[in-house]
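Have the structure open and follow along.

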Amino acid sequence: MLLQAKSVTHYFGGLCAVSDFNLDLEEGELVGIIGPNGAGKTTVFNLITGVYRATQGSIRFRDVELVGKRPNEITALGIARTFQNIRLFKELTVLDNVRIAAYNQMQYSPVEALFQIGRYSSEEKRILNNAMELLEVFKMDSYADELSKNLPYGLQRRLEIARAMATRPKLLLLDEPAAGINPNEIKQLMEFIQWIRQQFDLTIILIEHQMRLVMGICERLKVLDFGATIAEGLPLEIQNNPKVLEAYLGEEGGEL
Amino acid sequence: MIYILQQSLNALQLGSIYALIALGYTMVYGILTMINFAHGDLFMVGAFFCFIVATFFKLPFIPTLLISMIGVGLLGVTIERVAYRPLRQAPRVSAVITALGVGILLESVMLVIYPYPQSVPTLLPNITWTIGGVTISLLQIIIILLSLGLMLLLDFIVRRTMVGMAMRAISWDKSVVPLLGVPLNLVISATFALGTSLGAAAGVMYSQAFPVIDPYMGVLIGWKAFISAVVGGIGNIRGAMIGGFILGGVEIMVAAFMPSTYRDFVAFTLLLILLIFRPYGILGQPRPQKV
Amino acid sequence: MDAQTVEKRNWRSRIGQRWDAIAENRRILPVLLVVGFLLSFAIPQFTLINPYYQLIIMYVGINIILATSLNLINGYMGEFSVGHAGFMAVGAYTAALLTMKVFPSNLVGYLFPLTILIAGSAAALVGLVVAIPSFKTRGDYLAIVTLAFNMIVKSVIENIEAIGGPRGIPGIDRLTTMPWVFFWTVLAVWCMRNFIYSNFGRGVLSIREDEIASDLMSVNTRQVKLLAFVISSFFAGVAGGLFAHLLQFISPRVFDILKSTDILIMVYLGGIGSIAGSILGATIFTVLLEALRPLGYYRMILMPLLLIFLMLYRPRGIMGLREFRWFIPSYEQIAIRLWRQKKEVPDASAG
């Protein structure tokens, strides 16, 4: 078992944002979490990655308890994520964005950095090479010295995923990867996600609004509403689950 | 016991001055999320207005107070218009540094006009009463009551009037409110006018209580008032009042029972301890960061 | 376009080209450093310029150390520290007490580098303590913490009679000489630049850009903040030690909030997130303040006016996140170029 969340509950003040969330994730799976706005989907990601500390429950990643760990420790264990609204380091170059994500792979001490001695130069070279290789895989090496704020939107999204991959994750959490992408590009995005999954041997959890994307690539779905899990199963089952239709579609009248 | 009562009275007097200045910091912060570092110096200008009006025009207390409040209020609005408004879209810290510059400018201009400390004429009759061993002066009563009155008035304006509603709305979300037809610039100007004139009132009262004034008097008092605003929770108007009285109380009590040189040390250490337990002040609430 | 304008433009671009060529040529830098170091010996030895100007040059050096070290926190990390003079005070008092009370008086001259080193370390230790609140609070609240720190330092010194209390320490030996100022300034700038262009420095930048994202990209933000505060306060302490042995008199009032404000102005005048900016800011501020001295009080009006206009027209300071090419390690540019040509990337030592 790669990730196991057991009865995870989180309160903001008196408001219950996530209640009794359970998830068993096997290596190599691609699971989707869907639900209407404010259902607590992103909160689940924040709980897994340590941005918030779960009020109750336990989250175990390869048998290591995550609750109580700091976000950077959790990332170093092998969990990376992207953000709903892109959060790149805007004033920094594409290369720096990727190198920063390799922070804990760098093996030299502050003193070596201050005087540029010891392992400094070989380590800098190693990380730079790794970063450039990664950028090449993502076909972004030609933008290496560009400020990331100057990239077009699509490339910013791609850079965010590349940056997440630089932390060398086993588990990738994608928070609405299709946000802001026009419907014609959905198919491309689906292929892209499948591709990184194979390329990097990843397990993926995906939060999404775009039903076409979720139904197209997820093997398993969980549906949240007001913090509670109201359904889970295969995409086809979810599609016909009356509870989901009521909670999710009934109000919004969206298409499935 | 009598000593404590006497000191409490002094604490109330100092606290109300801090509170009045802290209000200006907190109002500007609430609406522009900017620390107006020039505010302490506007307080100083208020004291000098009082000195000028009282010395050269020989007006009584109330007109002097009103004139300096209006004068400094206009000055505050002008400063916002000329120096802060162009920087609203700039990095936040540029506005703060500009404010720092404006503060130094005010000090320097005053220094050129009055290079030496000036003594302010007394505008209120020196009447004191002794009740059960505690001495109360007319000045103390006026300072405390006037401050409380001004604070209640401000609280009323912010909570019950249209302008106040607009202020609260803008402090909540600066980008949406103008879309609803609220004249953003007018409301910001009103905020500055109110905040700085309260600072001027504090300056006038301070110069009556401690009649020797100099151009640098606003620096330390300004910082302390700012700290009061933080203690109460910056951006929160009632918090600023509470913070002012707390800081005034702590300072007077420390001076009363310990060597007075420990005053700053104890006050600031307490501030740090408070911030450890309530990082956003007494009434402040952290704005949740969306991830 | 008339001939004159064309002529003028050509002339301008020729200067520009020459300047670019100079800026591109990094081999000039070590030459300049050696020449500078030799000059720093020769100037006081042969009184090449009058002692008053020598004094100003030394203050420029000390202020460069102060401005670059504060820029690490305020410019690169994006926090707003307003208590830098507090660290300076710790360094100044430590150094002054060492040379006056601890070290044997016939050896103080030889022990001066050690004195400054200890002064910096003492300040760094205090910086470690100030860094801890920065884990939880940030922005304006961290500004208050540093402000309170500055005032507490001042107040503590005022209350210790053994170190002079409010009257301060007079009669400190004048041990700060031009070569020492030159040495420490170069060392400070070099170390700060190395730090910024290292893994930890990138961590510092990522905190400025987006602290939460930085945490989630495996950056140990606590470690980074601790390092930034320690290094910054170390060099503030160094500057304090040099300052004490140049002014020969220190008192708590020298290190009050106004001194911190001066350093802030240097940083924001020169430009945040730029070493060249801090050097420029410190130099302009110090020299201008001296040059305008004949104006008396009016110079005090001119300085803030200048600052306000600069902020209105260049809100990010003169350099503002840009850097002079000499301070950017050439390695990265070379490496990217080589990578594109599919060539072997060399080790990063070509600094």
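H8(C) and H10(C) are roughly perpendicular to each other (a label that covers angles of 65 to 115 degrees, with under 35 roughly parallel, over 145 roughly antiparallel and the rest oblique). This is a predicted model, where local features need pLDDT of at least 70, side-chain atom pairs count only at pLDDT 80 or more, and totals for chains, interfaces and linings use all residues. Residues are numbered from 1 along each chain as its sequence is written, chains are lettered from A and ligands numbered from 1 in the order in which they are written, and side-chain values use heavy atoms, leaving out hydrogens and water.

**Helix pairs in chain C**

Back to that pair: H8 spans residues 199–209 of chain C and H10 spans 221–247, and their axes come within 9 Å and cross at roughly 105°. Helices (H or I, at least four residues) and strands (E, at least two) are DSSP runs, numbered from the N terminus. Axes are lines fitted to C-alpha atoms, for helices over the stretch in contact, and the angles run from 0 to 180 degrees between N-to-C directions. On the H8(C) side, Phe200(C), Gly203(C), Val204(C) and Ile207(C) do the touching; they meet Thr221(C), Gln223(C), Val224(C), Lys225(C), Leu227(C) and Ala228(C) of H10(C). Contact here means heavy atoms within 4.5 Å. Sorted by class, that contact has 6 nonpolar, 3 polar and 1 charged residues. For the classes, Ala, Val, Leu, Ile, Met, Phe, Trp, Tyr, Cys and Pro count as nonpolar, Asp, Glu, Lys and Arg as charged, and the others, Gly among them, as polar.

| Helix pair | Axis distance | Crossing angle |
|---|---|---|
| H4(C) (84–102) and H11(C) (257–270) | within 7 Å | roughly 115° |
| H11(C) and H12(C) (275–291) | 7 Å | about 125° |

How are H4(C) and H11(C) oriented to each other? They are roughly perpendicular, and H4(C) passes H11(C) in a right-handed crossing. A crossing is right-handed if the near helix is turned clockwise from the far one by less than a right angle, and left-handed if anticlockwise. His84(C), Ala85(C) and Met88(C) in H4(C) meet Lys259(C), Ser260(C) and Ile263(C) in H11(C).

H11(C) brings Asp262(C), Ile265(C), Met266(C), Leu269(C) and Gly270(C) to the contact, while H12(C) supplies Gly277(C), Gly281(C), Ala282(C), Ile284(C) and Phe285(C). The class count here is 6 nonpolar, 3 polar and 1 charged residues.

As for H11(C) itself, its 14 residues reach 20 Å from first C-alpha to last, close to the 20 Å expected at 1.5 Å a residue. The expected span is 1.5 Å times one less than the number of residues. H11(C) is mostly covered, with 12 of its 14 residues buried; among them are Ile257(C), Lys259(C), Tyr268(C) and Gly270(C). Buried means under 20% relative accessible area, exposed over 50%, and partly exposed in between (1.4 Å probe, protein chains only). Just past the helix, Gly271(C) takes a positive phi of about 125°.

**Across to chain A**

Now for H14(C), residues 330–340, whose buried residues include Tyr331(C), Glu332(C), Ile336(C) and Trp339(C). Lys342(C) follows H14(C) and has a positive phi, near 60°.

Ser7(A) isn't a glycine, yet its phi is positive at about 35°. Ser7(A) sits in strand S1 (residues 3–12) of chain A and counts as partly exposed at 34% relative accessibility. Thr33(B) is another non-glycine with a positive phi, about 40°. You'll find Thr33(B) in the loop between helix H1 (2–32) and helix H2 (39–57) of chain B, and at 34% relative accessibility Thr33(B) is partly exposed.

Is Ala143(C) buried or exposed? At 5% relative accessibility, Ala143(C) counts as buried. Ala143(C) belongs to helix H6 (residues 139–159) of chain C and touches Phe80(C) and Val82(C), not counting residues up to four places away in sequence. Leu107(C), in the loop between H4 and helix H5 (112–131) of chain C, is partly exposed, with a relative accessible area of 36%.
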